[in-house]
Structure formats: C-alpha cells, structure tokens
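The tour goes from the whole chain to single side chains.

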Amino acid sequence: RGSLVLAGEGEERRALEKLAQELGIGDRVTFLGRQASDSMAAFYQALDVLVLPSRTQPNWKEQFGRVLVEAMACAVPVVGSDSGEIPNVVGDGGLIFAEGDVQALGTCLQRLMDDAGERQRLGAQGRRRVLARFTMRKIAEQTLAVYAALLAGAGHPA
C-alpha cells in the first residue's frame, strides 16, 4: 500500500484534497504545502520516487523541471512526463511517460514499486547525470562554450 506526498502550493490543492477524500484515499495522501528551500534535500531523501507529471498548456510548456535535478542529485529515481524539456533533463536517469497518459504513469510507478534494484540503479544513474551535466561548474562551462562559439562564428577570437 503506497502513499502520496505533495509538496508545494497551487490553485488545485483544495480540489485535490477533496478528490482524495472522495476516492477514499485521503489517509494515504499528505499535502505538505510550501517547503523551505533548505529543507528540500531531506524531503527528497525521504522519497522512494519523485514524479513530475507536467502537462503542456496552450501558453506553457515545462522549461526545465529543476525539481528533477534536485531529486536526482539526492539519488532519488524520477519519473516525468514528456512535456517540454523533461525528457532531456531526465535522460537515462529516470523514466518518461506520455503526458496525460495515466496508465503509462501507473506502469512506471508499478515497475519501480516492484523492483528495488531498478529504483536504486536509476537513483544512482540520475545522480551521475547531475554531476556530469548540471552542477554550477558544468553549467558555467557550457555557457562559456556557447559564448565562445558565438564569438568564433562572428569572426572574433574567443
């Protein structure tokens, strides 16, 4: 029997609380509300998996999903929808499902629930991915490389 912990605030909180009660799972769903940034590492480390089920809207698409990188840095396996940049952030460090496909999300979660080794493997792979691509140093190096390429393309020495 699993449980769901939701951190953060948003317009849908009241409706989600009501839905959890209507579905008879209110005792298995915890709404934490907004969390202080300095408590997030402990929050992530307490999770078995982090899910970012973003859905593209007419005026919005997931740009990066920083929460994914933070969870992956804590060696937490992640599951994300294929909205926007999520697949590029997750790469081989987690599982991706088609946005809005509840059955596919359920399949991902069941896979991780049934296989502790897979959770551990994805958590470790996600952490390696963060260290290889998303540290402050790596981002600075990538930014510098872009500027150098732009300058070189404009005929200026880098």
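This is a predicted model: local features need pLDDT of at least 70, side-chain atom pairs count only at pLDDT 80 or more; totals for chains, interfaces and linings use all residues.

A contact here means heavy atoms within 4.5 Å. Residues are numbered from 1 along each chain as its sequence is written, and side-chain values use heavy atoms, with hydrogens and water left out.

**Whole chain**

Stay zoomed out. The C-alpha trace spans about 65 × 40 × 30 Å along its principal axes. Colour by secondary structure: the chain has seven helices and five strands. Helices (H or I, at least four residues) and strands (E, at least two) are DSSP runs, numbered from the N terminus. Follow the chain along its sequence and the pattern reads β-α-β-α-β-α-β-α-β-α-α-α. Now colour by accessibility. Buried means under 20% relative accessible area, exposed over 50%, and partly exposed in between (1.4 Å probe, protein chains only). Of the 158 residues, 28% count as buried.

**α6 against α7**

Select α6 (116–133) and α7 (136–153). At what angle do they pack? The angle is about 45 degrees, with the axes 6 Å apart. Axes are lines fitted to C-alpha atoms, for helices over the stretch in contact, and angles run from 0 to 180 degrees between N-to-C directions. α6 and α7 are therefore oblique to each other. Oblique is what remains once angles under 35 degrees count as roughly parallel, over 145 as roughly antiparallel and 65 to 115 as roughly perpendicular.

Show side chains at this contact. α6 brings Leu131, Ala132 and Arg133; α7 brings Lys138, Ile139 and Gln142. These residues divide into three nonpolar, one polar and two charged.

**Phe64 and Phe134**

Next, select Phe64 and Phe134. Their ring centres are 5.6 Å apart and their planes at 75 degrees, so the pair is edge-to-face. Rings of Phe, Tyr and Trp (its six-membered ring) pair if their centres lie within 6.5 Å; planes under 30 degrees apart count as stacked, over 60 as edge-to-face and the rest as tilted. Phe64 sits in the loop between β3 and α3 and Phe134 in the loop between α6 and α7, so the pair ties together parts 70 residues apart in sequence. Phe64 is partly exposed, at 33% relative accessible area. Phe134 is buried, at 19%.

**Cysteines**

Last stop: select Cys74, partly exposed at 21% relative accessible area, and Cys108, buried at 11%. How many disulfides are there? The count is zero, a disulfide being a pair of cysteine sulfur atoms within 2.5 Å.

Technical notes:
Ala, Val, Leu, Ile, Met, Phe, Trp, Tyr, Cys and Pro count as nonpolar, Asp, Glu, Lys and Arg as charged, and the others, Gly among them, as polar.
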